[in-house]
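This report covers pockets, cavities and helix contacts. Please look over the model before reading on.

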Amino acid sequence: MKKEEIIEELKKARSKDTVFSSGRILGSMCTRPHPLAVKAYRMFIETNLGDPGLFRGTRELEDNVIKMTGEMLHAPPSAGGKMTSGGTESNLTALWIFRNMTKKKEVIVPESAHFSFTKASSLMGLKIKVLPSKNYVADAGMLREVISRDTACVVGIAGSTNLGLIDPIEEMGEICEEKGVFLHVDAAFGGFVIPFLREMGMTEKKFDFEANGVSSISIDPHKMGMSVIPSGILLLRERKWLDAISVESACTHTRKQMSLLGTRPGAAAAASYAVMKYMGKEGYRKIVEKCMDTTLYAERRLKEEGFEIVAEPETNLIGVKVENAGKVAKMLSRLGWKVGVDEENGFIRIVFMPHVKKKLIGEFVKDFRSVVS
Ligand SMILES: Cc1ncc(COP(=O)(O)O)c(C=O)c1O
């Protein structure tokens, strides 16, 4: 096949995709990457962090991403971590490390946890114990009862997938410390949001290493960090904990690997480094400010139209109660609006990512009302 024909085929396939620039993707936690991240990605397209002996410069960029993120999340000097392909790999790796360190196989996970924990449980034969929710966040009051002698790790969520809510991490951390159990915080979504909400006085909740007892954190540059897919980060309070998953890697130019993936995209590290350096705290704060403004505006408009909001938004995500949520989502999809859906709890989820335009909210609310009536 000729190059031109292949390009035509690619264009045809791409034309079937929904694009972020339409402003109509309302159910995704990803967004259009920053142009500088795309440029950096292209520059590093052939690099492989699975073989850092060959790509020392790229490795330095990964180390810097870990350092910068650690600083943002109050990590102590002993901290370390790895870039991953996203929240799923970060969560899985955290559980892998804590299972190996404790030799225990029970993990306590809040009701609202992302399904990556189900995958981790299936892959590693871990027993998941559910921590019940109270008002849609983990009920820390129940944690003491649920932790047992077999508990390898407790999970807390900072920016839940379906409602963007923040678990009482401080309280959970205190209990985990008292019980001598690891606490992993899944901030895949909220990691690049909550630090700036705190700066803006929009939340007082502590969710990172500032809270006692937090052992590790997942945070995704490819969500609110404006980087390219696949960019995730796992941070650990102690760098040495990575040894728990170390394997000999005879075929690479370094002797050991401490990651789930073998070949890993250095381009994602370069992209994340570039966008984080460029944006700085001020750049991210502005993005969060804009996303929260759109969120609160939409909340007001939806309430004015008589919709019921599931919970007061804590981050840039809203759940809207509807009957037949699955059907409503399909009807909205026919009108071009791609919303998220929680069928079990009967609500539509809307994520106000940077590509969501405030000026389209009125049109969306009108279509939403017409679909529901
Ligand atoms: C809280 C949370 N954790 C983990 C993940 C999984 O992230 P990824 O899809 O990047 O693997 C998601 C995805 O939406 C999420 O919302």
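Which element gives the most to the lining of the second largest cavity? That element is β1, with three residues.

## Basis of the model

The model is predicted, so local features need pLDDT of at least 70 and side-chain atom pairs count only at pLDDT 80 or more, while totals for chains, interfaces and linings use all residues. Residues are numbered from 1 along each chain as its sequence is written, and side-chain values use heavy atoms, with hydrogens and water left out.

Helices (H or I, at least four residues) and strands (E, at least two) are DSSP runs, numbered from the N terminus.

## Cavities

Two cavities of 30 Å³ or more are present in the structure. On a 1 Å grid over the protein atoms alone, a cavity is a set of points where a 1.4 Å probe fits but cannot get out, and a pocket is an open set with protein on both sides within 12 Å along at least five of seven lines; lining residues have an atom within 4 Å of a point. A volume is the space filled by probe spheres set on the points, which are joined across faces, edges and corners.

The largest cavity has a volume of about 50 Å³. Its lining consists of Leu-49, Met-83, Thr-84, Ser-85, Pro-230, Arg-264, Pro-265 and Ala-268. By class, five of these are nonpolar (Ala, Val, Leu, Ile, Met, Phe, Trp, Tyr, Cys and Pro), one is charged (Asp, Glu, Lys and Arg) and two are polar (the others, Gly among them).

The second largest cavity holds about 40 Å³ of space. Lys-82, Met-83, Thr-84, Glu-89, Thr-93, Met-258, Ser-259 and Leu-260 line this cavity, and both β1 and α4 (87-102) supply at least two residues each. The lining divides into three nonpolar, three polar and two charged residues.

The largest pocket has a volume of about 580 Å³. It is lined by 28 residues, and Arg-59, Asp-63, Gly-81, Arg-239 and Leu-242 are the closest to its centre. α3, β1 (80-84) and β11 (256-257) each supply at least two lining residues; the largest share, seven residues, comes from α3. By class, the lining of the largest pocket has 10 nonpolar, seven polar and 11 charged residues.

For the second largest pocket the volume is about 450 Å³. Of its 16 lining residues, Glu-111, Ser-112, Asn-162, Asp-342 and Asn-345 lie nearest the centre. Five are nonpolar, seven polar and four charged.

## Helix α3 against helix α9

The axes of α3 (residues 56-72) and α9 (residues 266-304) come within 9 Å and cross at roughly 45°. That makes α3 oblique to α9. Axes are lines fitted to C-alpha atoms, for helices over the stretch in contact, and angles run from 0 to 180 degrees between N-to-C directions. Angles under 35 degrees count as roughly parallel, over 145 as roughly antiparallel, 65 to 115 as roughly perpendicular and the rest as oblique.

The crossing of α3 with α9 is left-handed, meaning that the near helix is turned anticlockwise from the far one by less than a right angle, with clockwise for right-handed. In contact (heavy atoms within 4.5 Å), Thr-58, Leu-61, Glu-62, Asn-64, Val-65, Met-68 and Thr-69 of α3 meet Gly-266, Ala-269, Ala-270, Ser-272, Tyr-273, Met-276 and Lys-277 of α9. This contact has seven nonpolar, five polar and two charged residues.

## Helix α4 against helix α5

The axes of α4 and α5 (residues 116-124) come within 9 Å and cross at roughly 45°. The two helices are therefore oblique to each other, and their crossing is right-handed.
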